[in-house]
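Q: Could you show me how to read a protein model, one feature at a time? I am new to this and would like to follow along.

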There are 4 protein chains.
Amino acid sequence: MSGDQGDYVLSDLQHGKAECRLVKVDRSGERHVLHDLNVTTQLRGDFATAYTQGDNAHVHATDTQKNTVYALARQHGVDSPEQFLLDLADHWTAQPWVTGTWFHAEQFAWERLPANGHSFVRTGEATRTAWVQTYGDQTFVLAGLSDLVLLKSTGSEFHGFPRDRFTTLGETSDRILATSVSATWRYDPLDVNWDVAHAAIRTALLDAFATTHSLALQQTIHAMGAAALDACPEVAEIRISCPNKHHFLVDLEPFGLDNPGEVFFAADRPYGLISATLSRIDATEPRAWAGIA
Amino acid sequence: MSGDQGDYVLSDLQHGKAECRLVKVDRSGERHVLHDLNVTTQLRGDFATAYTQGDNAHVHATDTQKNTVYALARQHGVDSPEQFLLDLADHWTAQPWVTGTWFHAEQFAWERLPANGHSFVRTGEATRTAWVQTYGDQTFVLAGLSDLVLLKSTGSEFHGFPRDRFTTLGETSDRILATSVSATWRYDPLDVNWDVAHAAIRTALLDAFATTHSLALQQTIHAMGAAALDACPEVAEIRISCPNKHHFLVDLEPFGLDNPGEVFFAADRPYGLISATLSRIDATEPRAWAGIA
Amino acid sequence: MSGDQGDYVLSDLQHGKAECRLVKVDRSGERHVLHDLNVTTQLRGDFATAYTQGDNAHVHATDTQKNTVYALARQHGVDSPEQFLLDLADHWTAQPWVTGTWFHAEQFAWERLPANGHSFVRTGEATRTAWVQTYGDQTFVLAGLSDLVLLKSTGSEFHGFPRDRFTTLGETSDRILATSVSATWRYDPLDVNWDVAHAAIRTALLDAFATTHSLALQQTIHAMGAAALDACPEVAEIRISCPNKHHFLVDLEPFGLDNPGEVFFAADRPYGLISATLSRIDATEPRAWAGIA
Amino acid sequence: MSGDQGDYVLSDLQHGKAECRLVKVDRSGERHVLHDLNVTTQLRGDFATAYTQGDNAHVHATDTQKNTVYALARQHGVDSPEQFLLDLADHWTAQPWVTGTWFHAEQFAWERLPANGHSFVRTGEATRTAWVQTYGDQTFVLAGLSDLVLLKSTGSEFHGFPRDRFTTLGETSDRILATSVSATWRYDPLDVNWDVAHAAIRTALLDAFATTHSLALQQTIHAMGAAALDACPEVAEIRISCPNKHHFLVDLEPFGLDNPGEVFFAADRPYGLISATLSRIDATEPRAWAGIA
């Protein structure tokens, strides 16, 4: 996977098709089942001559990779984003010159309307995410969710932090805590019911957010991670990143008004940004996380 | 509202504060009530000398307009976006030099989590919109929703359209119909329960979309508009604009596969764009729609 | 253009293809000439039965409208966005059932790289805009630019505004003035060299922004509008809308530091929003501005 | 940096303030000098008790981190994004409980208008990027650019790629090649004139793009990377990621028209995505790239 030009070393070669928008309708039952995915493929392998000489003999065209997404959706169906990416991985790891793969899917949620079995409204709540990565025979499966926007209107404090020359923030024992959770976890072993596991983890995250009396967003993140590990024994490790979406209590005193935790300004930028990983003992696999934000 | 500089005529003067992000928590009950708004204010009036001479004696600063949003939220509370904009209109039409006003709010939806009365998840489904506009004593109230993304996996046809030199589209008797509804309606009379009316209209739009066997997106738009007018006698007119979010059936024949309405490519651009207005007889009020996309 | 269903009146029927991304390369010379457009078409006419009955006999498919964009680009070339939209208008107004049209284009700017005649870098500075609208025999041409982001680091004051109960803003005799200009103007008569006129107006706007010592953003807007009318006799009227992109001087006093106009926080929301129209006497044509934000 | 809760291992703790928008005006000369930055800070260290117990005794508040950005901008000025991030690193690595840091800046480009020394227009062409990361005494400096949109209207071919069951793409000896370059490079040693180096590398990238007759986007990426390493001896390694922004030749044959490389449809999604790293021998430093997309 590397070549030389003069004194330079070529590495980390990847190519694929990004953001293939795939909508799969399963019409086998009275009620249609919809999978709405955004799929990205990346192949790694012996492609150096394309870079050094423009020789494409080993380069599976990204157009071919796109076609393969749609063809495999027909051949294998789409049960879950994880399973679909595994089908893609099976296909591509069997091709010549391919030594590794990286696949990603976003899945958008739709809710069936009551009128009939084939009408849907898209719920904007969170995006389900999945990744499959292979290195030779080794396969990693990760899943997650992004843009899960949560808010607590009480039950959040922040105090006891260090005060230095540049500290002006006051302490508070009651603030709004709001965030947009990005959580990604790695499954191991891979004998998982993907939909059931994802739903259980999502519920655990929501419940931990709601029930943790928060002294720091860090504490809430830890509680959410622990809840996910508790909820699903196949989760080996979980990474959570949370912006602190600041809601500032508006100072109404100049107008002769009090403001007992009622009127807030929701700020855009800057925002706090807090993250951590929680894992079972000896469970870290750094290679599984390559290229995952 | 107009001035002269040499031979030029100055008109359409407006100024205000755009996108005041206001989160209002009503903590009076066991279960907190959340209103999450994005409010824009615009004043019209006798402000010409600011333009022609930089004389700000009549210019209510946009910063003052922002402060007023937060202060009135404390003084009057927030029951609904329509009521809150009416409170703003009452305040500003009473100020000197102001002869007209234009207010807009987006309201984002949050769902209470089961764990307690103060934890919420933001549902991304559609944004509720409202406008209040005044011209002297005349007040207009409009409401709507945007980004309501709907899809039917069957029950949609498109054929019988004219074929000219540049027509290549085939006819179809079964396609995916997907759109993102923008609907705006004007209330008249104004004696309305804003939340009840909005919920009834939203339900009518969803139901009309689902139950209309569609021969054209135009037909679905008409059905949705009529359903809204049927559902709420205080709706005088409604404008609906719908992109046709194309879902193209992927041609899998080159791969030896059929595709009986199962595998689709969801396209971004270009997209169809269809719109219409439906109103009760003699109900149009063009001034009410000024500055509303 | 209107129909009846029960007691309801149908009006404002429009349909077309939005955001057709068209890149046209003129390879006739040594140096290629690039036009990069985003084109939207809308037809108005006798389409009511599509809405009321799903009868598409009069509905020129939006797919056909898209094809026409690309075909006319080949037949007529693309000299300027205005000319290209006029070619589209000529084509569509001649078709049956079409009584009016509305066309819009955005044009993105590319700069030729020095190495050869066919390599380009996209400059993100402003987007050139154009609209052509017809009502029967009447044709309107408008042009403009959006997202022209300008900043003055001095030469801007704001004081003398009214102070009421909700006013807290201090007066200033030296602030940053920053905005993102949206300007749209109407040409009349239509015997215009579109590229020359656009360049002259853009230069006039930039120069007026830079050279106006500003006592209010309103004053700068007026100066820019007057400069555009001065620069191009074929501009009949111009509308300018400018956010006040606030740059707040950071209070460094708590840290024992002064801040003599050096360190600013650039805020996102909320922002001031100021607009006005400047026109020659008796030059307003409200119909020309329908559907133009 | 890690703790235990039950059987779980806590790691990768980070917190900071994201997207501090800092505009710094240097008014010392006749012509003002503007730096427009978007700064993100992240601290790593002994913060586990905040996660496990909500004890913030070691947590430098993100608000304090924001204040520090603005205070250091006043104290040290802003000469370049790299130098400013190094100033931040010096400050924070000296604080208790901090064992590592990660800083990022985007810098937006402004061009001075001819009229005077204090008026500017923002050029949207590319965003300059920089990162400083420390691990104890070790400091890494990376720089780059993103959203550099380039296009060649000829001089690009693509053929000779493998054909399998799912390949339908035709070969071409003349296509449009368009991309949006993201390039990030690591400086080593750190004795660099940051502005001079960045300008030289930008020029090298543009020139390599323009002058490489491209048989694959891979080949162009390699040429750009080699040109950057050639241009600046302090660049130890460079990573380049390029979408293939497809411009499809429109098939005009159904309309009786030819299309000799003139009329293209610029597609959004999906897009090819190609990347690689080019480095000097023994120059890779994986830790320097942590958290850099």
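Q: Let me start with a strand: which residue stands opposite D:Ser182 in β9(D)?
A: In β9(D), the residue opposite D:Ser182 is D:Ser241. Strands here are DSSP runs of E with at least two residues, and helices are runs of H or I with at least four, both numbered from the N terminus. Before we go on, note that this is a predicted model, where local features need pLDDT of at least 70, side-chain atom pairs count only at pLDDT 80 or more, and totals for chains, interfaces and linings use all residues. Residues are numbered from 1 along each chain as its sequence is written, while chains are lettered from A and ligands numbered from 1 in the order in which they are written.

Q: How do I read strand pairing, and which strands pair with β9(D)?
A: Two strands pair if DSSP finds at least two bridges between them. Strand β8 (residues 177–187) of chain D runs antiparallel to β9(D), joined to it by 6 bridges. With strand β12 (residues 271–280) of chain D, β9(D) also pairs in the antiparallel sense, over 8 bridges. One pair to find is D:Pro243 and its bridge partner in β12(D), D:Leu273.

Q: Is strand β9 of chain D mostly covered or exposed?
A: A residue is buried if 20 or more other C-beta atoms lie within 10 Å of its own, exposed if 12 or fewer, and partly exposed in between, with C-beta atoms placed from the backbone. Strand β9 (residues 235–244) of chain D is mostly covered, with 10 of its 10 residues buried. For chain A, buried residues make up 57% of its 293 residues.

Q: How do I read the place where two chains touch, and how many residues does the contact between chain D and chain A take?
A: Two residues are in contact if their C-beta atoms, placed from the backbone, lie within 7 Å. Chain D brings 68 residues to this contact, and chain A brings 68 residues. On the side of chain D that touches chain A, β2(D) gives the most, with 11 residues. That side of chain D divides into 31 nonpolar, 25 polar and 12 charged residues. Here Ala, Val, Leu, Ile, Met, Phe, Trp, Tyr, Cys and Pro count as nonpolar, Asp, Glu, Lys and Arg as charged, and the others, Gly among them, as polar.

Q: Which strand of chain A pairs with β2(D)?
A: Strand β12 (residues 271–280) of chain A pairs with β2(D) in the antiparallel sense, over 9 bridges. To locate this pairing, look for A:Tyr271, whose bridge partner in β2(D) is D:Ala18.

Q: How are chain D and chain C related?
A: Two copies of a chain are related by a rotation about an axis and a shift along it. Chain D can be laid on chain C by a turn of 180° and a shift of 0.0 Å along the axis, with an RMSD of 0.0 Å. The two copies are therefore related as by a two-fold rotation axis. Such copies are superposed by least squares on the C-alpha atoms of residues with pLDDT of at least 70 in both. In chain D, D:Gly124 has the C-alpha nearest the axis, 1.7 Å from it.

Q: Finally, what domains does the assignment give for chain A?
A: Domain bounds come from an automatic or database domain assignment. For chain A, the assignment gives domain 1 (1–136) and domain 2 (147–293). Their C-alpha centres lie 30 Å apart. In this chain, 11 residues of domain 1 are in contact with 11 residues of domain 2.
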